Amino acid sequence: MAAIRLSQRSAAPRWAVPAALLAVMALLSANLFHAQLTDPALARAVLLELKLPRFAATLLAGAALGLAGALLQLSTRNPLAAPSVLGVTSGAQIGLMLSLLLPASLKFIGVPAVFAGALLAALLTFAVAGGWRATPLRLILAGTATSLLLAALASLLLILNEQHIAGLALWSAGSLFQDGWGGIRQTLPWFALAAFGAWHLRQPLAVLGLGDEAAATLGVRIASLRRRVLVIATLLAAVAVSLAGPIAFVGLIAPNLARLAGQWHPRRLVPAAALAGALLLALADAAVQGIGGNGGLPLGVATALVGTPLLIWLVQRQSRLVPPSNDALADTTPARRWPVLLLALLVPLLLFVGLRYGSRPLPAYALFDWLAQIPSAGALLVELRLPRLILALSAGALLALSGCLLQQVVRNPLAGPELMGVSQGAGLAALALVLAWPAAPLPMQWLAAVAGAALVLAVALAVNRRHDYEPVRLALTGIALSALLGALATLLIVSAKVQAAQAVVWLAGSSYGRGLDSAEALLPWLLLALPGQWLARALGFLAFGDDQAKALGVPVARLRLGALSLAALAAAVAVAAVGPVGFVGLAAPHMAGLLVGQNPRWRLACAMLTGAVLTGLADMLGRSLLAPLDIPLGLMTSVLGAPYLLVLLARQRRSRP
Amino acid sequence: MSASPFPLLQADALRVELGGNTIIDSLSVGFDAGRIYALCGPNGCGKSTLLRTLAGLIAPAAGAVRLGEQSLSALSARERAKRLAMLAQSHTTPPGLTVHELVACGRFAHTGFNHSLGSEDRLAIERAIALTGLESLAERDLATLSGGQRQRAWLAMALAQGGEVLLLDEPTTYLDVHHQIDVLATVRRLNEEHGLTVIWVLHDLNQAAAFSDELLLMKSGSLRARGTPQQIMQPALLKDIFDVEMWRLPDSHPPVCLPRYVSQPQEAAWLQSA
């Protein structure tokens, strides 16, 4: 009965997509011919060489992303698959940057180079997740790791080659600016080729929707079909990245929008998703041009601003969004204890090595000088290095604590402060405070961070209460919220004209130039581990399900609230100290689970140590690898942690049939 | 129909391995055109694996499956699907598909990637829908159908393939007894009226005996017995296969065997007290 009602409801607005498309077309054409220039010749030139190419690029990139998303979602039977979620977009970005670094004589490579980068990223994600039959959660986790790794590598490439990082924010946010028809001319043939291929894959994909085995009996060669889909979808993503840079979101949302408008059958879904993608990007670009003119509002920000509310609304409405999946990640890892001991030994070792080595070796007696407060060169070095190390180690541990608790509370391996938007919320609030009140005292900054984190968590949970905090739904909400908040932070930085270097510190997190007062303020918060340990065991009961836990006498609601508050607090203080460092909160609990098994208390202890070691190592390498250049902490944690997580995932898959 | 010199579908010295385990070893069996065969046996005996191998879904480690005079592995996926249809035990039902669209999927082997339905394709779809009595439901969303109706829709999809052989893996699972008989009788009618060759895996021995021409008993990856329902429905033989004491209803036609739920001394004691 419920199924009948729901399917009728979602089938209602079939006209919605075409109607909205018409409206946007009208809006955009008005924008196109809106003459600000009095000179007709100049106006004509602007129209032909700037506005029309930009409009064409918008439609082309949007359609390409919509198509790519639809193809990937259909072929994996997973409504969350999309080029950006699977790491394809970051791969394409790397390919694009490498192709820009090529000597001018090789410039014709263009789309193929982008395509190669994207294809490699997609293959990596799928290989790690376990091939085409990987469950949605595994796929997204592997894709997130690939994506973070490649995005961090891309940022590193920029830092290495530009020496200044002004372009970074613009790069990662994308832009549709077209200088004549060159970009369109270069990408159009590839788009046409890929779209032609996509058009002919519709019916096989419809058959594939019946299940692998049924499709095989009907004469579909599954492996070859999926290979074809991968190549075509990657080519489409490459076209979009070549035109507009890495734009997240459109590929994920467009097909789901098409579904929401009642276009379920692949024959209708594929063209409808292309249409919806073009529409969405056109809307975002209209916002860019309407609000900020060129450069005012980055496209990625606009896409997130338009897309996030849509996505959250969609997550709420979509009754058939979530495929049944039972995907415990580390259920086969045997219980071990020695990794905890090893990691615990690594922490003092890191402290020692971090103090001892650097751009300048530590003189003898430096530590003694510092302790005795004798002014000397050695004491100064300790003064510089020790706070950073302590900050990095403790922030890593606290982020891991937050991620561990979040994952347990919502029973979702994809939860984590950075994926739930908590880190971004804390970062945004602290950033806003610093911008508004540059001389704000440290406690005020921390308070703002905690308030921001709590607010975001409350929104994410309130939005999902109706669906009992369903894992995939919550993950989507979190992805949407973090994108929105990240976009808002970028917007804030752009509009407040913050220096680019400072901006990167805030976007990626850094321990650069923090003093001993910050370190002293952060250290006591490590005591949060004690209530954390207590909660971790109590939360183990939630794995039985709410009803069973209640029947056992567990105060489920209070427990959840307490654990969430603790998680938000831990993430907020860490973010207040070093900025929104990504990846640690998501990955450390998984690494711990893969190392010591699923006993909640051991896992938490191991996760905190893993987080500390990962962040400490990242900080040390970040400041010494490219010295005197300081690589932002958040980039280094991804560069170090993502490959490790990928290896762990791949190894676990192999050990399981 | 069965006058043809060699069987329509034949397996020669088949060995099938799944995940490193040998499921079926040196199994040879032939199926004549125009007859209904039931594969029966305890769980894990390899009957579903045999069915999937016969359908060409699993490549045998040794031996071969022949369809007519051709080796199944020599046929392309679409050539095979034109001649042989199979329905798995459980299905992924994609959301938002109508019955007609589902049945149209059965024509993939004929239309290929273009999927422009010709008059022949439309005819085959209409025929399959008519044969399964789904005319009034053709435009309904699959998700809104009952379990029995949905199973008929899947059957219609397999029929739309237009092949000579239909393989069914437990087609009556999850159905109530009315809809079980509905599906079995529909297939039997198709066999009688259109000469369709059917091989199905059935759990209910009595249904298998009532609706099939021959029964094949499997155990531990090999074929143990084969014959008409009269020959196979023998308590001694069934005890050997299923390790359950059975007794056969006297004068039952088609033969009916029922399990003994209590041992014979218990039965005697129970009779006395009654």
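Tutor: First, a cut-off: an angle under 35 degrees between two axes counts as roughly parallel. Keep in mind that this is a predicted model.

Now the pair. In chain B, helix H6 covers residues 147-160 and helix H7 covers residues 177-194. Their axes meet at an angle of about 20°. H6(B) and H7(B) are therefore roughly parallel to each other. The axes lie 10 Å apart. The handedness of the crossing is right-handed.

Next, the residues that meet. H6(B) contributes Gly148(B), Gln151(B), Arg152(B), Leu155(B) and Leu159(B). Across from them, H7(B) supplies His179(B), Asp182(B), Val183(B), Thr186(B), Val187(B) and Leu190(B). By class, this contact of H6(B) with H7(B) holds five nonpolar, four polar and two charged residues.

Take one residue from that list, Arg152(B). It sits in helix H6 of chain B. Its relative accessibility is 17%, so Arg152(B) counts as buried. What does Arg152(B) touch, leaving out residues up to four places away in sequence? The partners are Thr132(B), Gly133(B), Leu134(B) and Asp182(B). One of these, Asp182(B), is also among the H7(B) residues that meet H6(B).

Gly68(B) lies between strand S4 (62-67) and strand S5 (70-71) of chain B. With a relative accessibility of 17%, Gly68(B) counts as buried because the limit is under 20%. Setting aside residues up to four places away in sequence, Gly68(B) touches Phe6(B), Pro7(B), Leu8(B) and Arg83(B). Consider Pro7(B) in that set. Along the chain, Pro7(B) and Gly68(B) are 61 residues apart. Between their C-alpha atoms the separation is 6.9 Å.

Finally, the setting. Chain B has 11 helices and 12 strands. It has 274 residues, and 49% of them count as buried. Consider contacts in chain B with a separation of 6 or more: residues 24 or more positions apart account for 65% of these.

To return to the pair: H6(B) and H7(B) run roughly parallel, with a right-handed crossing. Arg152(B), on the H6(B) side of the contact, counts as buried.

Note on methods
Residues numbered from 1 in each chain as written. Chains lettered and ligands numbered in written order. Predicted model: local features only at pLDDT ≥ 70, side-chain atom pairs only at ≥ 80, totals over all residues. Heavy atoms only, no water. Axes fitted to C-alpha atoms, helices over the stretch in contact; angles between N-to-C directions. Helix = DSSP H or I, 4+ residues; strand = E, 2+ residues; numbered from the N terminus. Parallel < 35°, antiparallel > 145°, perpendicular 65-115°, else oblique. Left-handed = near helix turned anticlockwise from the far one by under 90°. Contact = heavy atoms within 4.5 Å. Nonpolar A, V, L, I, M, F, W, Y, C, P; charged D, E, K, R; others polar. Buried < 20%, exposed > 50% of the residue type's maximum accessible area, 1.4 Å probe, protein only.
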